Amino acid sequence: MSFKIALISDTHLSREKPFFVENFLVVAEHLRQSRPDLVINTGDVSLNGADSAADLEAARQFHEALELPWLAIPGNHDVGDNQEVARKQPANAARRERWLGIFGQDWWMRDVPGWRLLGINSLLLGSDLPEAADQERFVAEAVNGIDGRQLALFLHKPLFH
């Protein structure tokens, strides 16, 4: 049995500053035509969700309008950047809570035929947020329970340099 995934990233959606909306609408039409089983956005779904709930809301609405199953993980434009490198928008509890309130969980697991799909919030890695340890436990449990499936890991930023 085949399972088709469409992977998109860095859509940078905003109604206030709609610089990239037209691009997304073209992609959205293609996705509706090709009918993947799942669309995954690997972050920067919004232009400035790190400081704007309206941008996160707009990004969610654009994804829901696909009328296809979809999942997303946050990027630095959505929840702030890694604390070690951020100059003006570090990932923090308030920014993460904004994401959770609009998109739901910022890490997830989905089993599909032959595969375990694992999406993680790479902005938690190395942070001082207590949820970083929770995510690490989640990843360990997901990998330990893989039961012969292949693993596909989705994240916005590299695990390390």
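**The sheet and its surroundings**

Analyst: This is a predicted model. Start with helix α5, residues 131-144. Helix α5 lies across β4, β5 and β6. Its direction makes an angle of about 175° with β5.

Now look at the strands themselves. They form an open sheet of three strands. The order is β4-β5-β6, and the pairing is mixed. As a general rule, strands of a sheet pair through backbone hydrogen bonds, either parallel or antiparallel.

Which strands stand at the edges? They are β4 (108-112) and β6 (150-154). Each has a single partner strand, so one side of each is left without a neighbour in the sheet. Neighbouring strands here are turned against each other by 20° on average, direction ignored.

Zoom in on one pair. Strand β5 covers residues 115-119. Five bridges join β4 to β5, and the two run antiparallel. Find Asp111, then look across: Arg116 in β5 stands opposite.

Next, follow the chain past α5. The loop between α5 and β6 holds Asp147. Its phi is positive, about 50°, although Asp147 is not a glycine. Is Asp147 buried or exposed? Its relative accessibility is 66%, so Asp147 counts as exposed.

Glu67 lies between α2 and β3 (70-72). The phi of Glu67 is near 55°, a positive value in a residue other than glycine. Glu67 has 66% relative accessibility, so this residue counts as exposed.

Now turn to Ser46. Where does Ser46 lie? It sits in the loop between β2 (38-41) and α2 (53-64). Ser46 has a relative accessible area of 0%. Buried means under 20%, so Ser46 is buried.

Leaving aside neighbours within four places in sequence, Ser46 is in contact with His12, Leu13, Asp55, Leu56, Ala59, His77 and Asp78.

Ser46 is buried. Glu67 is exposed, and Asp147 is exposed too.

How values were computed: Residues numbered from 1 in each chain as written. Predicted model: local features only at pLDDT ≥ 70, side-chain atom pairs only at ≥ 80, totals over all residues. Heavy atoms only, no water. Pairing = 2+ DSSP bridges. Helix = DSSP H or I, 4+ residues; strand = E, 2+ residues; numbered from the N terminus. Axes fitted to C-alpha atoms, helices over the stretch in contact; angles between N-to-C directions. Contact = heavy atoms within 4.5 Å. Buried < 20%, exposed > 50% of the residue type's maximum accessible area, 1.4 Å probe, protein only.
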